[in-house]
Amino acid sequence: MKSLKTYSIPFTGLKLGKHYFEYEINDAFFAEFEYSLVKKANLVCKLELDKQETMLILNFDITGTVTATCDRCLSEYQQPVNIHEQQIARFTEEEMGEDDEIITLGKNDHEIDIAGLIYEYVNVALPFIANCSNQGDGKQCDEEMLANLNKLAANDEQTESTDPRWEALKKLK
């Protein structure tokens, strides 16, 4: 988790107003998260931090590609990612409860960690069903692999033969 220290922004020394940060998100970033669905990525995260008297407004702009595996033909392909998200962090001493929309920062907090936010935004942006044709360049699934899958699926279907032990139960109708 030491490499994720890069993604902690010390906001106490920042003046009021907008501040800009840029991060490279690659394989090493996702390797820090155990059980990460994303293993390979080439992303750039541009962050605009607007420090105000009572809050921080974080505007994320994450673009690039993530290596995904097609759910149909099992080949790897580059999934384009274009994310625009906003997160608000409020300075307060009172406990606001469980609210995912606003981060609460107390008087003892002096930095904000954005690694978890970036990780969530990228994972949520990926399609639920990964498909080679999702990438937008017109590439279709590997026809040879699809033909092999169809051939194996046809051989798996066996004619329904009923177990003779069930015949006695069918007579009870």
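Colleague: What share of the 173 residues of the protein chain counts as buried?

Modeller: In this predicted model, 31% of the 173 residues count as buried, a term for residues under 20% relative accessible area with a 1.4 Å probe, protein chains only. Local features need pLDDT of at least 70, side-chain atom pairs count only at pLDDT 80 or more, and totals for chains, interfaces and linings use all residues. Residues are numbered from 1 along each chain as its sequence is written, and side-chain values use heavy atoms, with hydrogens and water left out.

Colleague: Why is a set of residues called a nonpolar core?

Modeller: The name applies because its members are buried Ala, Val, Leu, Ile, Met, Phe, Trp, Tyr and Cys residues joined through side-chain atoms within 4.5 Å. The largest such core has 32 residues, and F29 and I118 have the most contacts inside it.

Colleague: Which element gives the most to this core?

Modeller: That element is α2, with six residues. Elements supplying at least two residues each include β2 (17–25), α1 (27–31) and α2 (115–125); helices (H or I, at least four residues) and strands (E, at least two) are DSSP runs, numbered from the N terminus.

Colleague: With which residues is F29 in contact, leaving aside its neighbours within four places in sequence?

Modeller: F29 is in contact (heavy atoms within 4.5 Å) with L4, Y7, A115, I118 and Y119. A second, separate core of eight residues includes C73, C132, C141 and L146.

Colleague: How many helices and strands does the protein chain have?

Modeller: The protein chain has four helices and seven strands, in the order β-β-α-β-β-β-β-β-α-α-α from the N terminus on.

Note on methods
Buried means under 20% relative accessible area, exposed over 50%, partly exposed in between (1.4 Å probe, protein chains only).
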